[in-house]
Amino acid sequence: ETRVVNLFGSIFNASQLGVDVWDPNSPVTGCEGNGETALISLSPGLIASNTYAFRIDIVNPPSQTSSNFWTMTLLDHFAKPIPSFPLWAFPEISVSTFARNSAPSCYLGDCVGAGGIAIPIQLRLRTQNTVNTGGELRILAPLEFGFDPDPDAPLIQGDKQTRCLINEYENFDLSSLPYTWRMAEIYCLIADRGNPLDGSGTGDTRTVRVITRYQQNPFDLRPPKTFHPNATFVLYFWMHPPNTFRPSEAWHLESFSPGGEELDIGTAMGWEVIRVMNLFAHSNTGGVNQYTQTISPAVTQGLAIIPNFVIDFVLPANGWLADKLVLTAPKNFEMQLPFMDANAPGSCIDRTLLLPLGVAVLEPEATRSAICMAEVMTLPAKNFGRALQSGDLCRLLIHLRNPESPPPPEYNYWKLEHVAGSGSKELQSSAIAESWVVVPVIS
């Protein structure tokens, strides 16, 4: 674009800036882009010593270039290097979730769907600019998502606190042992004030502020923590998903200096929210075991066997013989036999399908085709004899033992996924349930 009216609003505005009008009889005849170079072809007519301006569309690179200058040549004339602008872009952003299911759907107090608990999500990022003490990251989730507030924590700067974990991997080495930020080094706050019913707030809980802070301690000489360009940061939050299907949408992320100046900005695509199962629960809760119809305390001791451990679930859609169920235990649990190869035939710990009775009677060893790797058990439905009907209670008995050490809090959940076995092979439904806290045994 060479017309000064389109560039500056008027010829007068251009003249005030010392810019001359581009002669309309000397148009640009061509423009060819090649990487970081644009070859612009001109027709005769431009006057020496005049000042001209043009606009060209570009796309910013994903990260700051080492030589951050512009230059231009015309015939045998070369312009001095012109300093470019600093990029406000995160070099790396990704967001993922432990489970893709929706929240239960409720109407007048009646809810349909399993769970209703907050789901762990993971945000991985690198920064272009350093966020120092008092600065913040601001994360905006798509519509109908909501960060999980901590009801017992006091308000900070008028905002509710929410659970978060930050692991810092120096030199981007995700295979190394990370530094886990202490709660004294961060605030994680939901940018929501008040109740929409009384007009004191929006009720929108999809924005979280991660504020770096520092408390001076003469006995702790660690320096203040910052979000800096020489590390990869993995952040965990707990969120309530929408209560219905949603396509994958963008998450927005910004960083700010202590004075409120914007530093970096970026987006990352989320995930498709799919249907939640009607029921998903385990028996080691300290309440009534639905299999034995007895009340027994939860077994939390490390390496202890959990008697009569069952998983109950109800699918919202039929599970056909070509489909499969994927059961994921909390990290450190072992669904795989220690002497078997991962995902080999016969690699799973003992398990029995108890319900529905039609399947259990028809094929007592309906789960014999199961394969396991670490904490994941995959149950192909090909031996079930008939489809698992939507709405039917299904019960799986597993001969389970606690791990020696407790799972990380962001992975201390049970998850079940129903995956289509033909056609799209897409995830049909899923659900999660909170696990118990494993207590290590002192040897």
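**Exercise 1.** Determine whether C188 is buried or exposed, and identify its disulfide partner.

*Solution.* Step 1: C188 has 3% relative accessibility and counts as buried, where buried means under 20% relative accessible area, exposed over 50%, and partly exposed in between (1.4 Å probe, protein chains only). The model is a predicted one, in which local features need pLDDT of at least 70 and side-chain atom pairs count only at pLDDT 80 or more, while totals for chains, interfaces and linings use all residues. Residues are numbered from 1 along each chain as its sequence is written, and side-chain values use heavy atoms, with hydrogens and water left out.

Step 1: C188 is joined by a disulfide to C164, with an S to S distance of 1.9 Å; a disulfide here is a pair of cysteine sulfur atoms within 2.5 Å. The pair links distant parts of the chain, with C164 in strand β14 (residues 164-170) and C188 in strand β16 (residues 186-190), 24 residues apart. Helices (H or I, at least four residues) and strands (E, at least two) are DSSP runs numbered from the N terminus.

Step 2: C164 is also buried, at 5% relative accessibility. The link of C164 and C188 is right-handed, with 85 degrees about the S-S bond.

**Exercise 2.** Locate the two cysteines of the disulfide between C348 and C372 in the secondary structure, and state their burial.

*Solution.* Step 1: the sulfur atoms of C348 and C372 lie 2.0 Å apart and form a disulfide. This pair links distant parts of the chain: C348 sits in the loop between β26 (324-328) and β27 (351-355), and C372 in strand β28 (residues 371-373), 24 residues apart.

Step 1: C348 is buried at 3% relative accessibility, and C372 is buried at 0%. The torsion about the S-S bond is 105 degrees, a right-handed link.

**Exercise 3.** Describe the disulfide of C106 and the accessibility of both its cysteines.

*Solution.* Step 1: C106 is bonded to C111, S to S 1.8 Å. With 110 degrees about the S-S bond, this link is right-handed.

Step 1: C106 is partly exposed, with a relative accessible area of 43%, and C111 is partly exposed at 48%.
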